[in-house]
Amino acid sequence: MLSGLVSLALLAAGIVLIILGAETFFAGLLGAARRLGVSTFFLTLLISGLELENIAAGLAANLAGFPGAAAGTFLGGTTFITLGVAGLGAILVPFRVSLPRQFLLTTAFTGAPLALLAADGALSRVDGAVLVATFCVSMIVLHRSTGTLSEADSDDEGNWRRRGHPWVWLLSGLATMTVGGELLGNGLHGVVSRFGVSSTLLGNTAIAALTEAEEIGRVAVPARRGRPEVAVANIGGTAIHFLTLNAGILAVVLPLRLDDATMHLHLPVAVVAPALYCLILVLRGGLGRREGVLLAALYVAYIVAAMCGALGLVG
């Protein structure tokens, strides 16, 4: 039992270090990127979606021999962001917003390339390269349509200037994430072997949610401060990153073999969730509390389906 507790402790410590390291890296990256003079909306798409803790967790799981858990970091992460976080955020702070058409289309169909490439049950290095290229094209298109500075964009510029030494933040964050990834890989291996928990279930639910839990604040705070477009850009940008860049990086480093649970549940839900999110935004002109309850309820239903599948309660 002691070994089991140690494994859980390593898993938790790894997730904590990955999150702290990613936040530090993000602070340095954002401090440098603000000087490029792009809009807050596009900067949020480009930077907030760069969930380095998610990539680190996925790499650690894949290199430790758990491809199902690795795929779960970007598939379960997408589902958690677009259903769970978006739903809870809307319940806390409902909002109305007008969004660029190109952003809505890109976000809604961001999972289509992944679904096509993964149809054979695996993601090869070539597939990964295609996904990374897809991400680059998406960012170029979105920069052309959303990259222009607005009046509100200069309001907090001084905060980033006061941070100073962005490269120190970047390197410190990278080192912290490296240590966290090693701990997470060891902890995941111990949990799976000691408790018999499905690594695919763990990756798509617990790890995905724990590494992205801080997103609830990143969504609710901008909406409460009158910048709901930034909250939406955070969710959309994260979905685009996860289903293209993150998935691509993991496959390029080490090809992924997708199991039945991933192919029949986690992948389809992750592909459909961003499209549903965008559809509701278009039809309702924002997210009210009723829409938030709907999205959150769908996420709970997904978790229940995943647990039933892992326990063999569904055929």
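The model is predicted, with local features needing pLDDT of at least 70 and side-chain atom pairs counting only at pLDDT 80 or more, while totals for chains, interfaces and linings use all residues. Residues are numbered from 1 along each chain as its sequence is written, and side-chain values use heavy atoms, with hydrogens and water left out.

**Helix H12**
- H12 covers residues 228–253; helices (H or I, at least four residues) are DSSP runs numbered from the N terminus.
- Its 26 residues should span 38 Å and its end C-alpha atoms are 36 Å apart, which agrees; the expected span is 1.5 Å times one less than the number of residues.
- A kink of about 40° is centred on Phe242, where the bend is the angle between axes fitted to the seven residues ending there and the seven starting there.
- Of the 26 residues in H12, 23 are buried (under 20% relative accessible area, with exposed over 50% and partly exposed in between, using a 1.4 Å probe and protein chains only).

**Thr82**
- Thr82 sits in helix H4, residues 67–92.
- Thr82 counts as buried because its relative accessibility is 0%.
- Beyond its neighbours within four places in sequence, Thr82 is in contact (heavy atoms within 4.5 Å) with Ile235, Ala239, Ala273, Pro274, Tyr277 and Leu295.
- A polar atom of the Thr82 side chain lies 2.7 Å from the backbone oxygen of Thr78.

**Cysteines**
- Cys136 is partly exposed because its relative accessibility is 38%, whereas Cys278, at 4%, is buried.
- The count of disulfides (pairs of cysteine sulfur atoms within 2.5 Å) is 0.

Methods: Helix = DSSP H or I, 4+ residues; strand = E, 2+ residues; numbered from the N terminus. Polar contact = N/O pair within 3.5 Å; in protein donor to acceptor, adjacent residues only side chain to side chain.
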